[in-house]
Amino acid sequence: MNAALAPPPSAPTPSETPTHYLNASYGFRSWLLTLDHKRIALLYLASITLFFFIGGFYAVLVRLELVTPAGDLMSAENYNTAFTLHGVVMIFFFLIPSIPAVLGNFLIPIMIGARDLAFPKLNLLSWYIYMVGGMVAAYALFTGGVDTGWTLYAPYSSTYSNSNVTATAIAAFITGFSSILTGLNFVVTIHKMRAPGLTWFRLPLFVWAHYATSVIQVLGTPVLAITLVLLILERSFGFGFFDPARGGDPVLFQHLFWFYSHPAVYIMILPSMGVISELVTCFSRKKVFGYGFIAMSSVAIAVLGFLVWGHHMFVSGQSVYAGMVFSILSFMVGIPSAIKVFNWTATMYKGSISYSTPMIYAFGFIGLFTIGGLTGLFLANLGLDIHLHDTYFVVAHFHYIMVGGAVMGYLGGIHYWWPKMTGRLYPEGWARFSALVLFVGFNLTFFPQFLLGYMGMPRRYHAYPEEFQVLNVMSSAGASILGVGYLIPMIYLFWSMRYGRLAPENPWGAKGLEWTTPSPPTTFNFDETPVVTEEAYEYVKEEKH
Amino acid sequence: MSDHSSHGSGLAHQFDDLDQQLDATTLGMWLFLAQEIMFFGGLFAAYTIYRNWHPEAFAEASHHLDIKLGGFNTVVLIFSSLTMALGVRAAQMGKNKAVFNYLFATFMLGNVFLVVKAFEYHHKWVEGLIPGPWFRFEGSTDPAVQMFFNLYFAMTGMHALHMIIGGGLLIYFMVQARKNRYHEGYYGPVEIMGLYWHFVDIVWIFLFPLLYLLGLHNS
């Protein structure tokens with residue numbers, strides 16, 4: 001079947017549509033039983049988009065409640081449920097799988113010149129595991145939800161909460177295995193499936209970032225899994241692992257929980273950094289500055305990320321000396337993160353920059369991630385954290401990382417590779433407009449929260465003193481702009497799948513093996529295994545004198 | 001989409017040759033075992049902390065475990081590792097009948113372990129040592145005694161679950177051996193099954209002294 005393919009024309013016309021992975025076969029079975037990494041990526045794209053809007057719905061409820069100082073829209077219990085479900089759905093069902101399972105799944109085999117991932121059946125299985133976890137989460141959601149906060153801290157979760165803690169824990173447990181198997185698949189693929197000539201230091205930085213992410217997924221997620229098992233045993237069978245009355249300690253839950261959940265932040269941000277490395281170098285038409293440093297900083301973030309979990313527990317009764325070590329190690333994560341930002345900036349320096357949509361997202365990422373990262377240093381400071389702990393400052397900080405960073409990178413990547421994934425171009429004008437709307441909406445939503453937190457507004461309350469109202473109204477207004485910014489791409493990307501202009505093989509003039517395949521690629525990506533003879537990002541700058 | 005795997009050789013379409021396939025699946029299993037180590041690691045971390053806080057209560061509780069049954073099970077599992085290793089060797093030489101026999105022996109030894117474990121659990125049930133509202137313990141009133149049994153049931157329970165999964169996998173590989181699937185070039189699946197089985201055995205090798213042999217020199 002492969003050999004019968006004619007060499008694809010660079011700009012396909014409707015009259016001679018070549019066979020590609022989307023039209024190779026039709027029907028539900030061909031999608032639900034597919035072993036093609038590109039189709040599985042699209043299955044993930046559809047499912048995480050669904051969860052994104054569910055999580056977004058709860059964000060709307062939270063912001064609506066906070067428009068007025070009084071707790072008038074929802075009861076305190078319902079508000080607890082709303083912000084908990086927002087967190088659980090967005091983290092476990094959107095952010096963790098977002099870039100790895102969609103873009104990573106689609107691109108890693110193509111970027112390294114392979115026909116598929118090392119374990120295609122495992123890849124499909126991980127999507128099914130994700131969906132089963134998602135259905136258990138939906139069950140928890142429709143039968144009363146859960147009100148413990150996404151952190152599920154004991155003893156509230158283990159003893160006192162009357163909401164659906166067990167079902168939520170089971171959902172997160174199941175979904176975790178989807179993440180583990182995806183990471184395992186990527187590590188093996190990157191080790192064993194690279195095309196001839198594609199040495200480690202010729203890999204695209206996107207692949208390096210995913211390698212680091214995958215290591216965290218494989219080594220971190222099982223710790224969350226066992227923690228949730230212990231929680232379920234305590235809640236359902238009366239094993240008092242975290243109950244002081246029975247010899248247990250609730251702080252152990254926090255240690256185990258954050259041992260995964262802090263590295264989980266790097267599962268969200270590292271793939272996004274990989275995307276940004278691709279975008280910045282492509283749209284600057286310049287070889288990336290300091291390739292080795294960017295690649296190794298991903299690895300450094302993954303390693304250091306495992307050693308900083310205690311900075312969530314400065315006020316949990318952890319020893320002061322442990323706190324000092326965790327504080328210093330947390331500051332050290334700033335080094336590889338800053339290396340990346342400086343190197344992207346240096347890549348742009350004297351580059352031939354174009355302001356295409358993906359590059360606008362990359363600019364947005366760099367600015368917002370820098371703010372998010374620097375405010376993280378405030379929180380890593382032992383003394384300052386006592387003032388800022390559990391305030392809106394923390395909420396603003398991690399939204400700058402997770403939304404300003406991870407989601408901006410995700411959308412930038414979706415735009416950049418959309419022509420490759422669908423074979424269609426999106427409307428550039430609308431895309432640039434919505435990127436700007438998102439940037440404005442995001443900052444209006446979350447910057448006031450830094451001020452609120454600094455002034456002392458705690459997180460997770462449905463009512464607040466009147467002097468905080470102006471900033472809260474600004475934040476809610478920003479959230480509505482942000483919502484519009486998400487809806488516009490949703491509409492035009494969907495539209496472009498049918499009506500967009502046909503995409504050529506390489507619409508951006510970008511480097512990388514994925515741009516040597518037709519848009520969209522064929523089922524097995526390459527007719528012949530490519531041979532790589534040059535370094536990554538050998539862009540030739542257009543001379544301007 | 002046609003299936004490119006040719007069942008005769010056992011080579012899947014995404015790989016260039018059997019060597020690459022064996023390398024990739026072996027690395028995949030090692031990564032899976034790394035994941036397993038982290039999974040059990042959470043339990044071992046909890047055990048280490050609580051035992052350090054309550055050494056006497058843990059030692060006293062430990063005396064209620066049956067060392068003879070635990071020791072017998074340890075020997076059973078070590079033998080099952082031997083038969084598993086012989087099964088892998090047979091697969092490498094393409095002797096499918098021997099593969100079947102060795103895997104069957106491994107499977108039966110695994111079942112002996114689980115049956116003995118079930119008897120131990122039953123004893124604990126009768127003695128009221130199941131944690132929870134019905135827990136009763138004669139002797140120390142230290143609440144950490146119950147914590148020992150929390151950990152005992154969580155750790156051995158998770159281990160037993162892995163044994164049961166391993167047993168299911170062994171049945172699958174026995175069927176494959178009956179179909180004469182394995183030959184000198186294609187034995188990888190049996191080998192990585194072996195890695196999994198040895199891992200589960202090693203977990204028990206750690207569990208046995210940590211749970212059964214506490215504070216014996218004092219008694």
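Which residues in H1(B) meet which residues in H5(B)? The legends below take that pair first. This is a predicted model, in which local features need pLDDT of at least 70 and side-chain atom pairs count only at pLDDT 80 or more, while totals for chains, interfaces and linings use all residues. Residues are numbered from 1 along each chain as its sequence is written, and chains are lettered from A and ligands numbered from 1 in the order in which they are written.

**View 1. H1 against H5 in chain B.** On the H1(B) side we have Phe40(B), Leu43(B), Ala46(B), Tyr47(B) and Tyr50(B), and they meet Ala144(B), Met147(B), Leu151(B), Ala154(B), Met155(B) and Met158(B) of H5(B); being in contact takes C-beta atoms, placed from the backbone, within 7 Å. Sorted by class, that gives 11 nonpolar, no polar and no charged residues. Here Ala, Val, Leu, Ile, Met, Phe, Trp, Tyr, Cys and Pro count as nonpolar, Asp, Glu, Lys and Arg as charged, and the others, Gly among them, as polar. H1(B) and H5(B) (residues 144-178) pack at about 160°, axes 11 Å apart. The axes are lines fitted to C-alpha atoms, for helices over the stretch in contact, and angles run from 0 to 180 degrees between N-to-C directions. That angle makes the two helices roughly antiparallel (under 35 degrees is roughly parallel, over 145 roughly antiparallel, 65 to 115 roughly perpendicular, the rest oblique). The H1(B)/H5(B) crossing is left-handed, meaning that the near helix is turned anticlockwise from the far one by less than a right angle, with clockwise being right-handed.

**View 2. A bend in H1 of chain B.** H1(B) has a kink of about 30° centred on Gly41(B); the bend is the angle between axes fitted to the seven residues ending there and the seven starting there. Zooming out, chain B has six helices and zero strands, where helices (H or I, at least four residues) and strands (E, at least two) are DSSP runs, numbered from the N terminus. Its C-alpha atoms fill a box of roughly 65 × 30 × 30 Å along the principal axes.

**View 3. H10 against H11 in chain A.** H10(A) (residues 320-348) packs on H11(A) (residues 357-380) at about 165°, with axes 10 Å apart. That makes the pair roughly antiparallel, and their crossing is left-handed. Contacts from H10(A) include Ser327(A), Gly334(A) and Trp344(A), and those from H11(A) include Ile366(A), Gly373(A) and Ala380(A). The residues of this contact split into six nonpolar, six polar and no charged.

**View 4. Where chain A touches chain B.** The contact takes 38 residues from chain A and 31 from chain B. On the chain A side, H6 (165-192), H7 (205-237) and H8 (250-284) are the elements giving two or more residues. H7(A) has the largest share, with 10 residues. This side divides into 24 nonpolar, nine polar and five charged residues.

View 5. A cis peptide bond joins Ala154(A) and Pro155(A), with omega about 5°. Pro155(A) is in the loop between H4 (120-142) and H5 (156-160) of chain A. Leu152(A), also found in the loop between H4 and H5 of chain A, has phi near 50°, a positive value in a residue other than glycine. Ser519(A) to Pro520(A) is a cis peptide bond too, with omega near -10°, and Pro520(A) lies in the segment after H15 (469-499) of chain A.

Notes. Two residues are in contact if their C-beta atoms, placed from the backbone, lie within 7 Å.
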